[in-house]
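Keep the viewer open as you read.

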Amino acid sequence: MRRQTRRRLTQNVSRFYLGLGVFFVVGFLFFGTSSFFFAEEAPVNETPINEAVRLSNGETVTLHASSYDTEAKTIRIRLSLDEAPGNTNDYLFRYVYKARPDSEKEVMVLYERNDQYVLELKDVPNDFDQLAVRIYGLNESQSIDALTLEERENGLLTSLYADRRTIEQANHSSSDEITFTRLFVGDEFAETERQLEKAQQSVEAQRQQIKRLDRDKEELEGELPYLSLDEQVEQENEIFDLGRKRDELTLELEKLEQSVQALEEKHDKLRVRLRELSI
């Protein structure tokens, strides 16, 4: 009877370890081969909004907005280019899909004024995944289609990227010039507002620092009568340094206040311009 009980216990233990081993083997095979069954999601690739991107010729481009109209299958991109003085190149825009980087498509320029552009990409399928808008700098005599591959690469200034998962959804029914102008003025107004707020904070911080220096200087001056001659000389030097630093901060404060005044004037003008464009 004891031999049969011992045999059953041995069989149960063996089955337990066998099952445990099979579990680990199956788990290893599943997780080790899961990449064959589940495709890894590609990272989001998009150009940041309102951040200057340096071109290969030293100029900069800023992407203000990009949106996708799922019904019209169009993408619209608003950007501004900061041209260097004396630039004689023309800008040409083309776009490509991630899946077909060698098949460039034309880009329509809906709006161009003062280095501000509204671009439209047509026939963009809903599953475009990721795409790049290429910006070329070409001479008037050059044609993009007549260039060699090396000449194209030399003329490429930068690429702006859009991702299907994060791009804004919008209706692209409106295409009038006033609408586009109002959008750009609105961008400038918002940016000026941010700059003004930051400048005002800097002015306040500078004023507080000057006040702290005044308190420290006043406290050191009040201690002078109670110090020895040697200590007085040392403390007077420290008071002099505080006064010199205060003068430097005062000059910086004056410049900051002038900057705030200029931004306030610009802010008011842009507010009036927005109001006029909205009438």
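## Charges, strands and a patch

Glu 120 and Arg 76 are both buried, where buried means under 20% relative accessible area, exposed over 50%, and partly exposed in between (1.4 Å probe, protein chains only). This is a predicted model, in which local features need pLDDT of at least 70 and side-chain atom pairs count only at pLDDT 80 or more, while totals for chains, interfaces and linings use all residues. Residues are numbered from 1 along each chain as its sequence is written, and side-chain values use heavy atoms, with hydrogens and water left out.

The side chains of Glu 120 and Arg 76 meet in a salt bridge, at 2.8 Å from N to O. Glu 120 sits in strand E7 (residues 116-121) and Arg 76 in strand E3 (residues 74-82), so this pair ties together parts 44 residues apart in sequence. A salt bridge here is a side-chain nitrogen of Lys or Arg within 4 Å of a carboxyl oxygen of Asp or Glu. By that rule the count comes to 17 salt bridges. Helices (H or I, at least four residues) and strands (E, at least two) are DSSP runs, numbered from the N terminus.

Here are two further pairs.

| Salt bridge | N to O distance | Relative accessible areas |
|---|---|---|
| Glu 188 and Lys 266 | 3.5 Å | Glu 188 34%, Lys 266 35% |
| Glu 248 and Arg 244 | 3.8 Å | Glu 248 41%, Arg 244 41% |

How many residues apart are Glu 248 and Arg 244 in helix H4? They are 4 residues apart, which puts about one helical turn between them. Salt bridges that share partners also join Arg 94, Glu 104, Arg 134 and Arg 152 into one network.

Strand E4 (residues 90-97) pairs with E5 in the antiparallel sense over 2 bridges; strands pair if DSSP finds at least two bridges between them. Four strands make an open, antiparallel sheet in the order E5-E4-E8-E9. Its edge strands, E5 (105-106) and E9 (156-163), each pair on one side only.

Finally, the surface. A negative patch includes Asp 216, Glu 223, Asp 230 and Glu 238; patch residues have over 30% relative accessible area and no salt bridge, and like charges are joined within 9 Å. Helix H3 (177-223) and helix H4 (229-277) each give two or more residues to the negative patch. Glu 238 lies in helix H4 and is partly exposed, at 42%.

Key. Patch = residues over 30% accessible without salt bridge, like charges linked within 9 Å, V, L, I, M, F, W, Y side chains within 5 Å. Areas by Shrake-Rupley, 256 points an atom, 1.4 Å probe, with all protein chains shown as cover. Lys, Arg positive; Asp, Glu negative; His and termini not counted. Charge placed at Lys NZ, Arg CZ, Asp CG, Glu CD.
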